[in-house]
Amino acid sequence: MKTFRFKLYSSRRNIKLHRQIDTAGLIYNHCIALHKRYRGLFHRQLNSFKLKSHLVKLKRSTKFHYLSELNAQAVQDVVERIERAYALFRRNRQHKVRCSPPNFKKVRRYKSFTLKQNGWKLDEATHTLTVGDQRYRYFQSRRIRGRIKTVTIKRDAIGDIYVFIVTDAVDHEAVTRTGKSVGYDFGLKIFLTASDSNDIISPLFFERNAKRIAQLGRSRSLKAETSKNYQRARCALARRHKKAANQRHDFHFKLAHRLCMEYETICLENLNIKGMQRFFGRKIGDLAFSDFVQILKYEATKFGTSIVEVDRFFASSQICHCCGEKNRALRDLRIRRWTCPHCGAKHDRDRNAAINILKKGLGQRPLA
Ligand SMILES: [Zn+2]
């Protein structure tokens with residue numbers, strides 16, 4: 001599976017797509033209401049096949065005629081999305097994760113609809129996408145490979161529209177393997193501390209943007225929510241957030257690509273992001289480690305690199321990698337450098353942790 005994302009040219013006719021997304025949002029809310037009522041009456045989950053056939057009937061009535069503005073398969077996809085959301089909710093509850101069932105959404109916040117086999121046509125030569133009877137041009141940044149599975153039309157906070165094309169293409173990139181392996185410890189200033197000293201320094205784009213984002217946030221909060229100025233300020237803020245996210249995404253992909261090309265095995269700690277966020281504040285969210293790990297895993301499938309996750313309760317930073325002695329005094333996070341009381345080896349906290357993660361990941365005991 002591979003996703004291609006293209007931005008549509010901004011044009012007045014895009015309003016048609018916005019209207020279709022709004023319709024999808026209305027259908028979503030209608031279905032949520034039915035789900036809730038059904039559960040209240042029968043204490044059971046509403047069957048999605050029943051719901052789909054109900055929507056087909058609804059379309060014929062004059063009151064709900066607006067449903068036919070949206071492609072029939074896109075309507076069914078809304079039902080399936082709710083089904084998936086409920087499945088996730090049930091699974092979360094089984095695992096005792098705090099969560100609430102799917103709920104109503106503001107229509108203007110509703111983001112997208114998905115088309116499957118029909119309702120769209122793609123002409124790569126002229127880079128136009130036809131949805132319904134309307135043609136839209138998109139910025140073609142690369143060629144589409146594979147058979148197209150779904151086409152999703154998505155809008156962002158600024159009102160730009162993107163098309164996401166999912167195909168069945170699989171990427172394989174041939175590289176000569178060196179058999180090198182590496183362990184990484186995540187950190188704040190140094191994004192990845194490597195067991196072989198090839199550290200990756202964090203770029204902190206967000207830090208650079210943070211000041212501007214705070215400024216824009218303040219300027220928005222001073223404006224009346226119904227005013228045009230408010231809308232303008234909201235867009236400026238959203239645009240800045242988007243820029244920061246794009247920079248981060250780009251950095252993550254390039255880094256993941258480079259690492260997977262170089263190493264055959266990469267060992268990481270599996271992280272408790274929520275816990276860390278409470279600990280360090282926003283910076284962790286900024287670096288978005290979990291995003292990076294996901295991207296790394298995706299890139300790894302291309303190159304055949306294996307990613308090994310080491311249990312986070314393994315005391316990687318407290319064990320001396322030379323002799324295996326556990327030094328409990330190191331629970332204090334302020335200690336950055338230390339000398340092992342057992343063997344006298346001098347350690348840098350993060351480097352030692354990275355080496356331990358590598359050893360553990362390669363299936364060795366953290367002993368020399
Ligand atoms: Zn030691």
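Predicted model: local features only at pLDDT ≥ 70, side-chain atom pairs only at ≥ 80, totals over all residues.

The notes below go from the domains to the helices and then to a few backbone angles.

Entry 1: I began with the division of the chain and found domain 1 at 2-167 and domain 2 at 181-310. I then looked up how far apart their C-alpha centres are, and got 28 Å. How many residues of domain 1 are in contact with domain 2? I found 6 residues of domain 1 in contact with 6 residues of domain 2.

**Entry 2: helix α1.** Helix α1 covers residues 14-42, which is 29 residues. I checked its reach from the first C-alpha to the last: 42 Å, close to the 42 Å expected at 1.5 Å a residue.

**Entry 3: α1 against α2.** Next I turned to helix α2, residues 48-60. The axes of α1 and α2 come within 12 Å and cross at roughly 125 degrees. The two helices are therefore oblique to each other. I also looked up the hand of this crossing, and it is right-handed. On the α1 side the contact is made by I27, H30, C31, L34, H35 and Y38, and on the α2 side by K50, L51, H54, L55 and L58. Sorting the residues of this contact gave me 7 nonpolar, 3 polar and 1 charged.

**Entry 4: α5 against α8.** At what angle do helix α5 (residues 228-262) and helix α8 (residues 289-303) cross? I read roughly 40 degrees, with the axes coming within 9 Å. That makes α5 oblique to α8. The crossing of α5 past α8 is right-handed. From α5 I listed H249, H252, F253, L255, A256, H257, L259, C260 and M261, which meet D291, F292, I295, L296, Y298, E299, A300 and F303 in α8. The residues of this contact divide into 12 nonpolar, 3 polar and 2 charged.

**Entry 5: positive phi in loops.** Most residues other than glycine have a negative phi, so I wrote down the following cases. H127 has a positive phi near 35 degrees and is not a glycine. I located H127 in the loop between β3 (120-123) and β4 (128-131). S197 is not a glycine either, and its phi is positive at about 70 degrees. Where is S197 found? I placed S197 in the loop between β9 (190-194) and β10 (200-201).

Technical notes. Residues numbered from 1 in each chain as written. Heavy atoms only, no water. Helix = DSSP H or I, 4+ residues; strand = E, 2+ residues; numbered from the N terminus. Expected span 1.5 Å × (residues − 1). Axes fitted to C-alpha atoms, helices over the stretch in contact; angles between N-to-C directions. Parallel < 35°, antiparallel > 145°, perpendicular 65-115°, else oblique. Left-handed = near helix turned anticlockwise from the far one by under 90°. Contact = heavy atoms within 4.5 Å. Nonpolar A, V, L, I, M, F, W, Y, C, P; charged D, E, K, R; others polar. Domains from an automatic or database assignment.
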